[in-house]
Each structure stands twice: as structure tokens, then as C-alpha cells.
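Work through the exercises below with the sequence and the coordinates at hand. Each task is followed by its solution.

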Amino acid sequence: MIGAVLIGAVPAVAGATGSRAGGDRADARDQTAARAPSLPVAARALAPAAGAPVVATGAARTVTGPWAVGQPFVPLAAGAGRAVADVVVTGTGGPGSARDVAGHVRPAAAGAPVALQRWTPAGWQTVDRGRARVDGAFTLRLVTGGLGNAQYRVVAPHWLGQPRVASDAIDVGAYGDLREVLPPDEPCQGAVAFAEPGCENPDLAGRLMPDPRRGVGWHRDTNGAFTCFHGETDVPVERCDYGSTRPDALRVALVGDSHAAMVLPGLRDQAERLNWRLHSYAAARCLLADPGPVDDECHFRRGDLLRRLLGGRYDVVILTGYRQTAAAPDAIALALRRLLGTGAVVTVIGDGPKLDDATLACATNPAATVAQVVACAMPRAAALQPPDPLLAAHAQAPGTVLVDTVDLMCGAADCRPVVGHVMAYRDLHHLSATFGRSILAYRLGPVVAALDARAAGERGIVG
């Protein structure tokens with residue numbers, strides 16, 4: 001996992017209860033169970049950064065928790081340390097897929113034993129053993145277990161008087177084809193209809209889900225998206241927690257305005273099985289960006305939010321928002337670049353098309369037939385106005401991952417409110433929760449690919 005430096009204190013939000021963590025008041029608990037950087041200096045000596053010397057101080061002691069190596073610390077002179085370095089994981093696939101784990105034990109010593117361990121509720125369990133070559137290099141093998149994220153590390157045991165040391169915890173994802181893992185409610189429904197031309201499901205014939213011609217049910221298709229959301233700009237954005245609470249869970253932040261709130265339901269409902277610990281930071285207006293001048297109404301909230309994200313030790317930060325945000329692309333890009341500096345996979349979900357009044361009225365006409373509703377459309381060029389500042393910000397922040405799913409909602413010439421028998425909208429520009437579930441696999445595909453690239457030590461990921 002990755003570390004980041006907390007910049008500044010974070011005020012709490014009064015009244016947050018249950019799974020809602022006001023501000024970052026839950027961070028004290030998180031830090032004891034999430035990442036090596038939260039350990040004491042002596043404990044960090046057992047899991048050094050790549051190439052860093054191991055320096056332990058104080059009396060011998062034993063560490064507990066997911067970083068424990070089960071051996072007392074051995075004090076070392078500064079600069080004389082032993083380390084497991086350059087660890088990378090190659091390979092992709094779902095549960096049961098094989099991966100190679102390579103790296104070096106430094107200083108090099110031929111024949112030094114190494115072990116690959118996986119974190120389990122019972123502690124670190126060894127899954128493979130080997131020995132370093134003459135240059136200190138090693139290669140170990142793992143076979144992934146269940147779906148989603150797991151943590152591994154490489155341990156070099158005591159050998160020829162040298163102390164036992166371990167690598168940082170490494171995230172290894174077993175996701176496979178997310179279209180199979182995260183299918184829509186029914187085959188060929190929603191975004192799948194655009195993503196997989198020719199996909200047919202006779203059971204969908206003559207149906208609209210939800211039906212925009214019948215009452216206001218289509219307008220209320222949110223699946224609890226706004227249970228953690230507010231519009232004030234002079235208070236911190238409330239953080240709500242979802243998904244896995246395992247110590248090896250991937251830490252994911254979803255950030256943005258009401259359009260981020262509409263991404264939340266699908267992601268929230270899958271976070272547990274993916275072993276993702278999801279924190280949502282969604283509030284009206286003031287999209288994440290450089291705080292700007294102090295007299296700007298968004299200055300406080302943007303500054304506070306950025307500090308919390310920089311200090312949150314997130315593995316993934318997902319930002320999305322309405323294309324008509326007041327935030328400037330260069331200010332958004334500055335915030336994105338700062339987040340990249342933490343080592344997180346920073347993902348931008350481009351905004352979807354915006355309907356005009358005539359197209360929405362066409363789709364919600366109570367006298368229309370299903371065929372007439374499906375035929376409602378507006379020119380693609382008009383639906384993508386004004387230009388999306390998130391796309392421009394992504395271009396100014398090399399290394400961010402772009403998720404642009406407009407082509408799963410629009411053809412070459414037009415955009416339609418009904419996609420794959422699903423009413424994709426709940427008003428002129430907010431997507432429905434039903435459609436959000438159908439498009440989730442396509443939104444997360446670039447994210448998990450970037451996580452695989454990070455584990456393999458690749459940099460400069462560009463969507």
C-alpha cells in the first residue's frame with residue numbers, strides 16, 4: 001500500500017454517526033489497521049521503502065498486526081541495513097490466476113532465503129519460498145484466491161547473521177473480466193447494448209426500466225445516492241464509509257458533486273466483495289480543485305478536502321462532476337497532480353451528455369409508445385456542450401487515468417435518454433441508478449488495469 005503526508009489538521013463534522021465518519025475522525029482507527037506508514041519508526045524498519053536502509057532504534061520488541069514479522073527487532077547501525085527492494089508483480093486475471101513476484105534482497109547474497117506471504121485474518125501466511133540469486137534477485141509465484149484485492153509481502157528471514165526484513169505490503173487484484181463480475185441487472189441491458197453490438201435479450205422487448213412515462217419513479221431512481229450529501233460550502237464535506245473493513249482492503253475515495261453521488265450506489269454495492277474500503281466525499285458545487293483566492297466561496301471547502309485526500313493514504317481517488325462546474329481545468333489539474341504525488345491511482349470519470357428540455361419531454365410523454373420513447377434523441381455535439389473541464393484537466397495532469405463512457409451512451413450522431421431499454425437519466429443531466437449499475441464494469445475497467453500496472457512498477461499511466 002502507499003503512504004502520504006497529512007498536511008494540516010482536519011476539522012470534524014458534528015453529528016456524524018454510524019458508518020458516517022465526520023471529517024476524518026475515523027483516521028485514528030484507520031491508521032492502526034491500514035498501512036505501514038502509520039507504524040512506529042522501529043516497525044517501519046521491517047518494511048522499508050524500495051532501496052531504503054533498515055534502521056531500528058530502541059530496545060528489542062515484537063510487532064503485531066498485518067505488518068508483524070513475528071521476530072524481535074535487531075538494532076542496526078545507520079547505513080548498514082538489509083532490505084527487500086524493487087518488488088513488482090506481473091500478470092492479470094481473476095481468482096485462481098498465477099502471478100510472478102520479483103525483486104531483490106540487498107545487499108546481494110546468493111542463496112539468501114525469501115518467502116512470499118499473504119495477509120489473512122489469522123495473520124501473514126507463507127504461500128511460496130525461494131532463494132536469491134547471486135545478484136540478490138528472486139522470483140516467487142502466487143495464485144490469487146477470491147475476487148478483489150489482497151495484500152502480499154516478501155520476507156527475507158534471518159540469514160548468516162543478517163536480520164529478518166520485509167517489503168512493503170503489495171496490493172494484488174484478482175478481478176478478471178469485470179463485464180462478467182459486475183453484470184447489469186439483466187443481460188444486454190443498459191450500457192451493454194452500446195458496448196457489445198448485437199447483444200440481444202428478447203425479455204427486454206417492449207420494456208423501459210424505469211418507465212419515464214409512468215409517474216415520477218424514474219426521477220427517483222437514485223438508490224440512496226444522496227444519503228451522504230450536502231450543499232453548504234462553509235463546512236467540510238462529510239465523509240461516509242462503505243465496503244470492506246479488512247486490514248488489507250484497497251482504500252478508495254470517490255470525490256465530486258451530485259454526479260459523483262450518482263456513481264456511488266453501484267460502487268458502494270460492490271465494494272465489499274471487491275475488498276475495497278470506499279470513502280465518499282460528495283457535496284454540491286465546489287468541485288475538487290486548487291483552493292484559489294481566499295475570498296472565493298469554495299476556498300475553505302476545497303482546501304480542507306484536498307488536505308484530507310492528501311493525508312488519506314488512498315490507493316485510488318476517483319473524481320467526477322458536472323460539466324458546468326465553475327472550477328477551471330487548470331485548477332482541477334493542479335489538485336490532480338498533487339494527488340498523483342501520493343502514489344494513488346488518480347482517476348477522472350468524464351461527465352456524460354446533457355439532455356435538452358425537448359428531448360427529456362419526448363422521453364417522458366405519457367402518450368408515447370415504447371418505440372417512440374426509444375427514438376427520442378438530440379444531436380451529440382449539442383449534448384456534449386459546454387466542453388467537459390474534467391477532460392481538459394486530465395490532459396494537464398499526465399499520469400491520471402481517464403474513464404470516458406460517452407460512447408456507451410451516444411452514437412456517432414446523436415445521444416438518447418433511453419439506452420438498452422434503460423432510462424439512463426433521472427433529469428436533464430443526472431444518470432439514473434439503474435443505468436449506473438449497467439455501466440459500472442466499464443467505469444472500473446481502466447481503474448483495475450492501472451492497479452495492475454502500479455503493482456508491476458509501471459509509471460506514467462495515461463487513460
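**Exercise 1.** Which elements do the buried residues of H7 pack against?

Solution. The model is a predicted one. Start with the helix itself: H7 covers residues 329–340, 12 residues in total. From first to last C-alpha H7 reaches 16 Å, close to the 16 Å expected at 1.5 Å a residue. Next, list its buried residues: Ala331, Ile332, Ala333, Ala335, Leu336 and Leu339. Finally, take their partners: H6, strand S13 (316–320), strand S14 (345–349) and helix H11 (389–395).

**Exercise 2.** Determine whether Arg301 is buried or exposed, and list its contacts beyond four places in sequence.

Solution. Arg301 lies in helix H6, residues 299–310. The relative accessibility of Arg301 is 2%, and the cut-off for buried is under 20%, so Arg301 counts as buried. Its contacts include His230, Gly231, Glu232, Thr233, Val235 and Val237, and also Ala283, Ala284, Arg285 and Cys286. For Thr233, the separation from Arg301 is 68 residues in sequence, against 6.0 Å between the C-alpha atoms.

**Exercise 3.** Describe the lining of the second largest pocket by element and by class.

Solution. The volume of this pocket is about 290 Å³. It is lined by 15 residues, and those closest to its centre are Ala193, Val374, Val419, Gly420 and His421. Two or more lining residues come from each of helix H4 (192–195), helix H9 (370–375) and strand S18 (418–419). Sorted by class, the lining holds 10 nonpolar, 3 polar and 2 charged residues.

**Exercise 4.** What is the average pLDDT of the protein?

Solution. The average is 84, and 82% of the residues score at least 70. Over residues 1–79 the pLDDT is below 50.

Definitions and conventions. Residues numbered from 1 in each chain as written. Predicted model: local features only at pLDDT ≥ 70, side-chain atom pairs only at ≥ 80, totals over all residues. Heavy atoms only, no water. Helix = DSSP H or I, 4+ residues; strand = E, 2+ residues; numbered from the N terminus. Buried < 20%, exposed > 50% of the residue type's maximum accessible area, 1.4 Å probe, protein only. Contact = heavy atoms within 4.5 Å. pLDDT = per-residue confidence, 0-100. Expected span 1.5 Å × (residues − 1). 1 Å grid on protein atoms, 1.4 Å probe; cavity = no way out; pocket = protein on both sides within 12 Å on 5 of 7 lines; lining within 4 Å. Points joined across faces, edges and corners; volume = space filled by probe spheres on them. Nonpolar A, V, L, I, M, F, W, Y, C, P; charged D, E, K, R; others polar.
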